[in-house]
Every structure is written in C-alpha cells, then in structure tokens.
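Here are my notes on the model you sent.

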Amino acid sequence: DRPGEAWRYRTVYGEKEVTLQEGGGDSVQVRESEYDAETLLYYAKEADGAARFDRLVIDSEDMGAAISLNLGVTVWPSQLRPGQMWPAASSMDGEMSALGETIDITNGTTSSKTVVASKMTRITVPAGTYDTLRFDETLTMSGVLEYSGEVVGKITLAITQSHYAAPDVGVVKRTRTFSIRASVNDMGSF
C-alpha cells in the first residue's frame, strides 16, 4: 500500500528484508530477501479495488536456480467480509533456470482460494497490538516443463499464506509456506 516503505525482521532462517516499490499505475512490487533467496511478488489493483497477483519470481543463489511465473490471479476482493470465501483461477506460464539452462513452463494453471475468518483476532507484533481480520490464502500452480520444444516434465508450486489485516492500517502480519516440486523425465524429482 505504501511504495518506498522498507522494513526488516527476524525469522527462523535469519533476517528478512521487505521493500515495497511502485510498479507503475496501480501496481506494487514486494521484494523479500531472506537467507540466500530473493522473492519478488508483483500485485496490481483491479478497477473494483480487488488485489491481483500478477507475477512471482524466486531466485536462490544456494540452489543456483530461479523460477519466474506469470499468474494474473485475483487473490482477494476489494472488501473482505467475515466468513467470506473467494475462489479464483487463471492460466500460468513462465520459466525455470538452473545450471545455465532455461526450461519453459507452459500449459499452466493457477487456482486460488481465500477464506476470511468469521471474527476479529487481537494480535501483537513489534509495531503494536491490533484487532485484525485473518484471511487464509492457498495458491496452487502447476505446469508442463518444456526444453527446446519437447515436454520434459512437470512442476507444481503451492503457497499457503495467512494475512492479518487491521482496519485502516492494512496487513500487519503474514505467515507463508512454499512447496515446489518438479519432476524431469529420466532425471527424477526435486
């Protein structure tokens, strides 16, 4: 919500740095650096005020790999209401790079489900204590891996997030887990 803002906090993996940057128009880029990885999340505001998750980029020096996905899925509506559920779906494409090679991700799909808690929850974070409405978001993405025009495997990525939004403040806390699974013909899974 506030481009130019940046903050740091501790996680189980060490220190995490988050920076909000304008992406032009009604879009914002969230840059998160933690451990040896950088995650870029690109969000856009739709005409009705809903939030759309446009793009995800994960770059890990330790693994020597990067994934870039074009999503375009509306992840939550403009007005969250207690007890609300918000399903959405879109197509997905992108690329995965490792060991100097690039593999295209095609024929992908993205599905999203956001569930809003039925009541307010009081939480305390370093910035203070807030009455929040928690909403849980599950994104599942899957696609086909292609190299030089040939199908070589498949990839599935799942993200589960919980957001705690305080009225007139915005999201004051978020938890997230990532799961990435890829299988390449004749090479196994990772």
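1. A definition comes ahead of the strand pairings: two strands pair if DSSP finds at least two bridges between them. With that in hand, take strand 5 (residues 51-60) and strand 6, which pair in the antiparallel sense over nine bridges. Within these strands, Val57 stands opposite Ser68 of strand 6. Keep in mind throughout that this is a predicted model.

2. The overall make-up is plain. The chain has zero helices and 12 strands. Along the sequence the pattern reads β-β-β-β-β-β-β-β-β-β-β-β. Of its 190 residues, 38% count as buried. The accessible surface comes to about 10,900 Å². Carbon and sulfur atoms account for 50% of that surface. Among contacts between residues at least 6 apart in sequence, 41% join residues at least 24 apart.

3. Strand 6 also has a partner in strand 7 (residues 85-98). Six bridges join strands 6 and 7, and the two run antiparallel. Here Leu69 stands opposite Gly94 of strand 7. How much of strand 6 is buried? Nine of its 12 residues are, so strand 6 is largely enclosed by the rest of the structure.

4. Now the nonpolar interior. In soluble globular proteins, nonpolar side chains tend to be buried together. The largest nonpolar core in this model has 31 residues. Which members touch the most others? They are Phe53, Leu56, Leu69 and Leu145. Strand 6 (residues 65-76) gives the most to this core, with six residues.

5. Not counting residues up to four places away in sequence, Leu56 touches Thr39, Leu40 and Leu41, among others. Its list also includes Ile67, Ser68, Leu69 and Leu71.

6. On rings, the structure holds one aromatic pair. The partners are Tyr43 and Phe53, and they are stacked. The ring centres are 5.0 Å apart, with 20° between the planes. Tyr43 lies in strand 4 (residues 37-45) and Phe53 in strand 5, so the pair ties together parts that are 10 residues apart in sequence. Are these two residues buried or exposed? Both Tyr43 and Phe53 are buried.

7. The charged end of Lys173 sits over the ring of Tyr164, 5.3 Å from the ring centre.

8. The cut-off for buried is under 20% relative accessible area. Ser112 has 5%, so Ser112 counts as buried. Leaving out residues up to four places away in sequence, its contacts include Val73, Thr74 and Val75. Trp86, Pro87 and Ala88 touch Ser112 as well, as do Thr138 and Leu139.

9. Thr110 is likewise placed in strand 8. Its relative accessible area is 2%, so Thr110 is buried.

Conventions. Residues are numbered from 1 along each chain as its sequence is written. This is a predicted model: local features need pLDDT of at least 70, side-chain atom pairs count only at pLDDT 80 or more; totals for chains, interfaces and linings use all residues. Side-chain values use heavy atoms; hydrogens and water are left out. A nonpolar core is a set of buried Ala, Val, Leu, Ile, Met, Phe, Trp, Tyr and Cys residues joined through side-chain atoms within 4.5 Å. Buried means under 20% relative accessible area, exposed over 50%, partly exposed in between (1.4 Å probe, protein chains only). Helices (H or I, at least four residues) and strands (E, at least two) are DSSP runs, numbered from the N terminus. Contact means heavy atoms within 4.5 Å. Accessible areas come from the Shrake-Rupley method with a 1.4 Å probe; for residues, only the protein chains shown count as cover. Rings of Phe, Tyr and Trp (its six-membered ring) pair if their centres lie within 6.5 Å; planes under 30 degrees apart count as stacked, over 60 as edge-to-face and the rest as tilted. A charge sits over a ring if NZ of Lys or CZ of Arg is within 6 Å of the ring centre and within 35 degrees of the ring normal.
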